[in-house]
Amino acid sequence: MIRIDAETLSERENYKLLTGTVIPRPIALVTTLSENGVLNAAPFSYFNIVTADPPLISVSVQRKRGIRKDTSRHAIARGEFVVHIADESYVEKLNATAASLPPEESEVTLAGLTAVPSERISVPGIAEAKVRLECVLEKAIPLGGTAEAPTVDLLIGRVVRYHLHESIIDERNHVDAAALQPVSRLAGASYAKLGELFEVERPS
């Protein structure tokens, strides 16, 4: 085994090792609404489940030179956001939302995605996604860097409404992963499809 002391590495070197080894990572396309009513969208692969009681999910939003990105700023100010699960049907448009735009321009419009009203919150979702999760902000935790200049905002969202396309779910609310066709993030510009499925029984 090659041993590497993480504390001796630069931020970029740690980033390359983390994104190259913690794979595959699910991708959240997050929509937020600015105070001026501009619908913001951005993809994040630092994303996962926190707990099911209550249903909490986490999205880690990196800062730029200590300054919050639009996603964090809007989610914290409004207390709401929508998380969409990335899938093959719209991955090209999802990728387009990663473009750096001024705050008054919408990535949703740029990518040619379709906004759809939410039911429990004021932030619209994206119609193209087979799964969207309406969330209220449970907690925002600044982390990393220093107390004066954190490097990331960890957003904890409480899911208040699920929207699931009829093609991916059965009458028992079981999701068909093959029908969902999720995509995940690897390192660099690489993505992965679902691939071969197999089962291993957990010990009792």
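# Close-up views

**View 1. Arg73 and Asp70 form a salt bridge, with their closest N and O atoms 2.3 Å apart.** What you're looking at is a predicted model, so local features need a pLDDT of at least 70 and side-chain atom pairs count only at pLDDT 80 or more, while totals for chains, interfaces and linings use all residues. Residues are numbered from 1 along each chain as its sequence is written, and side-chain values use heavy atoms, with hydrogens and water left out. A salt bridge here is a side-chain nitrogen of Lys or Arg within 4 Å of a carboxyl oxygen of Asp or Glu. The two residues sit 3 apart in helix H2, so about one helical turn separates Arg73 from Asp70. Helices (H or I, at least four residues) and strands (E, at least two) are DSSP runs, numbered from the N terminus. Arg73 is partly exposed, at 36% relative accessible area, whereas Asp70 is buried at 16%. Those labels mean under 20% relative accessible area for buried, over 50% for exposed, and partly exposed in between (1.4 Å probe, protein chains only).

**View 2. Now for the covered residues of H2 and what they pack against.** Helix H2 spans residues 70-78 and carries His74. Its buried residues are Asp70, Thr71, Ser72, His74 and Ala75, and they pack against E2, E3, E5, strand E6 (80-85), strand E9 (131-143) and strand E10 (152-164). Zoom in on His74 and you find a relative accessible area of 8%. Beyond its neighbours within four places in sequence, His74 is in contact (heavy atoms within 4.5 Å) with Thr32, Leu33, Ser34, Asn40 and Gly79.

**View 3. Strands E2 and E3 run antiparallel, joined by 6 bridges.** Strands count as paired if DSSP finds at least two bridges between them. Ala28 stands opposite Phe44 in E3. The two strands make a hairpin with 5 residues between them, and in that hairpin Gly37 has a positive phi near 85°. E3 is mostly covered, with 5 of its 6 residues buried.

**View 4. Here is another hairpin, made by E4 and E5 with 2 residues between them.** E4 covers residues 47-52 and E5 covers residues 55-62; the strands are antiparallel and share 5 bridges. Ile49 has Ile57 of E5 opposite.

**View 5. The largest nonpolar core holds 20 residues.** Such a core is a set of buried Ala, Val, Leu, Ile, Met, Phe, Trp, Tyr and Cys residues joined through side-chain atoms within 4.5 Å. Touching the most other members are Leu29, Tyr90, Leu94, Val108, Leu113, Ile121 and Val123. Strand E2 (28-33), strand E3 (39-44), helix H3 (91-96) and helix H4 (107-111) each give two or more residues to this core. A second, separate core has 19 residues, including Ala28, Ala75, Ile85 and Ile168.

**View 6. Glu119 and Arg161 meet in a salt bridge, 2.1 Å from N to O.** This pair links distant parts of the chain, 42 residues apart: Glu119 is in the loop between strand E7 (115-116) and strand E8 (125-126), and Arg161 is in strand E10. Glu119 is exposed at 54% relative accessibility, while Arg161 is partly exposed at 28%. Also in this view is Glu134 of strand E9, which is buried at 0% relative accessibility. Among the residues that Glu134 touches are Glu119 and Arg161, along with Phe81, Ile121 and His163.

**View 7. Strands E1, E11 and E12 form an open sheet.** The order is E1-E11-E12 and the pairing is antiparallel. Strand E1 (25-26) and strand E12 (191-192) each have a single partner strand, so one side of each has no neighbour in the sheet. E11 (residues 184-185) pairs with E12 over 2 bridges, and Arg185 has Tyr191 of E12 as its bridge partner.

**View 8. Ile2, Ile4 and Leu17 make a nonpolar surface patch of about 330 Å².** Patches take residues with over 30% relative accessible area and no salt bridge, joining like charges within 9 Å and nonpolar side chains (Val, Leu, Ile, Met, Phe, Trp, Tyr) within 5 Å. The areas come from the Shrake-Rupley method with a 1.4 Å probe; for residues, only the protein chains shown count as cover. Ile2 lies in the segment before helix H1 (11-21) and is exposed, at 78% relative accessible area.
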